[in-house]
Amino acid sequence: VQLQASGGGLVQAGGSLRLSCTASTHTFNNYTIGWFRQAPGKEREFAATISSNFDFTYYSNSVKGRFTLSRDNAKNTVYLQMNNLKPEDTAVYYCAATRSGGTRRREYEYWGQGTLVTVSS
């Protein structure tokens, strides 16, 4: 499974961005997709995840209420809508796929290359 993350960019605090994660697989609907982020000088951390059959989403406390996940299995794509962005959201955002689920990096078998989000104050 190859994952392509896109949609990053530079935005002012309070602004919005939508990230996309597109997968190259015929069995996309079998995978839970997670988003992780890595700020400069920090460990990669969990941000959000959406289950394969749409019925479960989970967000870290730092993004809950501001970020929203959705997925379009027909397009093999998961979207991360990010609203009310803060400077502390600045990071490289990675999408990842797993046949199981979870919030830990080791639970995800496939990773995209990352897309940079920069939020200016």
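Author: Two strands pair if DSSP finds at least two bridges between them, where strands (E, at least two residues) and helices (H or I, at least four) are DSSP runs numbered from the N terminus. This is a predicted model, in which local features need pLDDT of at least 70 and side-chain atom pairs count only at pLDDT 80 or more, while totals for chains, interfaces and linings use all residues. Residues are numbered from 1 along each chain as its sequence is written, and side-chain values use heavy atoms, with hydrogens and water left out.

Reader: What is the order of the open sheet of four strands?

Author: The order is E1-E3-E8-E7, and the pairing is antiparallel.

Reader: What makes E1 and E7 edge strands?

Author: Each of E1 and E7 pairs on one side only.

Reader: How do you know that E3 and E8 are paired?

Author: Six bridges join E3 to E8, and pairing asks for at least two, so E3 and E8 count as paired. One of the residues involved is Cys-21, whose bridge partner in E8 is Val-78.

Reader: Why is Phe-36 called buried?

Author: Buried means under 20% relative accessible area (exposed is over 50%, partly exposed in between, with a 1.4 Å probe and protein chains only). Phe-36 has a relative accessible area of 1%, so Phe-36 is buried, and Tyr-108, at 4%, is therefore buried by this cut-off as well.

Reader: Why is the pair of Phe-36 and Tyr-108 called edge-to-face?

Author: Rings of Phe, Tyr and Trp (its six-membered ring) pair if their centres lie within 6.5 Å, and planes under 30 degrees apart count as stacked, over 60 as edge-to-face and the rest as tilted. The centres of Phe-36 and Tyr-108 are 5.2 Å apart and their planes stand at 80 degrees, so the pair is edge-to-face. The pair links distant parts of the chain, with Phe-36 in strand E4 and Tyr-108 in the loop between E9 and strand E10 (110-111), 72 residues apart. Phe-36 and Tyr-108 also belong to one aromatic cluster with Phe-46, Phe-56, Tyr-58 and Trp-111.

Reader: How do you know that the charged end of Arg-44 sits over the ring of Tyr-94?

Author: A charge sits over a ring if NZ of Lys or CZ of Arg is within 6 Å of the ring centre and within 35 degrees of the ring normal. The charged end of Arg-44 sits over the ring of Tyr-94, 3.6 Å from its centre, and the charged end of Arg-44 also sits over the ring of Trp-111, 5.1 Å from its centre.
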